[in-house]
Amino acid sequence: MNTTTDKRPELRDLSPARVQDLVLALGEKPYRARQVLQWLYQHGATDFAQMTSLSKGFREKLAQAARLANLEPALVETSSDGTRKLLFKLADGHAVESVLIPEEEHSTLCVSSQVGCRMGCAFCRTATLGFKRNLRPHEIMGQVLAARRLADADRPLTNIVFMGMGEPLDNLEAVNLALGHLLGSHGLAMSQRKVTVSTSGVVAGLPALAAASPAALAVSLNAPTDELRDRLMPVNRRWSLAALKQALLAYPLKPTRRITFEYVLLGGVNDQPEHAAALVRWLQGLRAKVNLIAFNPHEGSEFARPSDQAVEAFQGLLIERHVTALVRQSRGQDISAACGQLAGKEAGGAHVTLP
Ligand code: SF4
């Protein structure tokens with residue numbers, strides 16, 4: 001059927017309540033909706049024919065009323081450290097990337113939320129693509145389900161970070177729905193601590209994110225003064241560091257939770273002792289931990305990698321002032337798949353590193 005005239009909804013674009021409405025409208029009992037949801041998320045069905053606990057008649061009715069898209073990576077590149085970059089071709093020909101990162105006993109997936117990005121961060125390869133379109137919830141879930149199938153059996157996919165292409169809070173409706181599927185008991189029932197949404201500082205989206213989801217929050221900060229942040233991240237011209245801090249102070253964090261701040265160190269730009277001191281001052285009052293990431297230059301980039309000494313000194317200054325600061329290594333550098341810099345051939349990427 002031609003998708004441009006096809007009005008059937010994608011099942012993974014629907015909330016559980018709307019799946020129930022659909023099932024009831026097809027003349028089925030409510031428990032059938034629970035079965036459909038199990039097939040969609042626990043089993044990750046890629047085709048209606050796999051839903052074998054449903055009668056053939058119901059499957060046919062369901063297939064007439066709704067669609068079930070499936071994403072398979074068109075390309076998988078594996079780094080020497082085991083990190084895999086997954087390239088997905090979408091139905092309209094656009095492409096997005098995810099990065100599947102193996103850890104000791106689990107895997108983490110860095111997902112994309114948009115094709116391209118409109119935020120224009122100066123150090124980001126995705127920004128050079130401009131903005132193409134928002135991803136829909138089923139396209140976000142498609143990345144997750146494909147990665148779950150690919151993850152090693154002894155390193156199951158347990159952690160998701162929204163740090164791929166795009167600004168999640170610029171596509172909040174779809175991201176919130178996908179978060180519902182990731183965290184909800186009808187869906188993948190993942191731990192709230194293990195699903196992280198990273199924003200460049202879209203202050204207007206924070207209350208709606210907090211209201212919709214208890215997922216962990218990360219902020220891609222990268223500069224401790226408005227002057228510098230205005231230059232590196234145009235979002236700061238709309239919402240200054242003061243506005244961002246005010247919104248974060250009001251963010252309803254559970255008592256044991258902290259906000260992760262990602263700080264990409266750009267050689268000679270934001271990696272000096274005065275920047276560390278200003279960062280410490282700005283963080284005062286926030287329950288924070290900082291991930292420091294040495295910039296990994298991509299072709300055409302105006303920025304350089306900081307020296308190892310500068311990275312170490314920056315971290316030391318934060319720790320001295322009692323700020324938790326970790327130096328994160330970019331993963332999958334040999335395939336340009338470091339989460340936060342998906343500098344691929346067809347696409348490019350985004351925020352930063354693991355929370
Ligand atoms: S760093 Fe994130 S928000 Fe900034 S341009 Fe890249 S994808 Fe967009």
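Predicted model: local features only at pLDDT ≥ 70, side-chain atom pairs only at ≥ 80, totals over all residues.

I looked at R67 first: R67 makes a salt bridge with E10, with the closest N and O atoms 3.9 Å apart. The rule I'm using takes a side-chain nitrogen of Lys or Arg within 4 Å of a carboxyl oxygen of Asp or Glu. This pair links distant parts of the chain, 57 residues apart: R67 is in the loop between helix 3 (56–65) and strand 1 (73–78), and E10 is in the segment before helix 1 (16–25). Helices here are DSSP runs of H or I with at least four residues, strands are E runs of at least two, and both are numbered from the N terminus. I get 15 salt bridges in the structure.

Residues are numbered from 1 along each chain as its sequence is written, and side-chain values use heavy atoms, with hydrogens and water left out.

Next I checked the domains. An automatic or database assignment sets the bounds, and the chain splits into domain 1 (11–65) and domain 2 (73–335). I find their centres, taken over C-alpha atoms, 33 Å apart. Domain 1 puts 12 residues into the contact and domain 2 puts in 13, contact meaning heavy atoms within 4.5 Å.

Then the area. The two domains bury about 990 Å² between them, 56% of it on carbon and sulfur atoms; that is the accessible area (1.4 Å probe) lost on putting the two parts together, summed over both. On the domain 1 side, R12, D13 and Y41 supply 60% of the area buried against domain 2, more than any other three residues.

Which residue forms a salt bridge with D13? I found R136, with the closest N and O atoms 2.6 Å apart. Helix 2 (residues 30–42) gives the most to the side of domain 1 that touches domain 2, with 4 residues.
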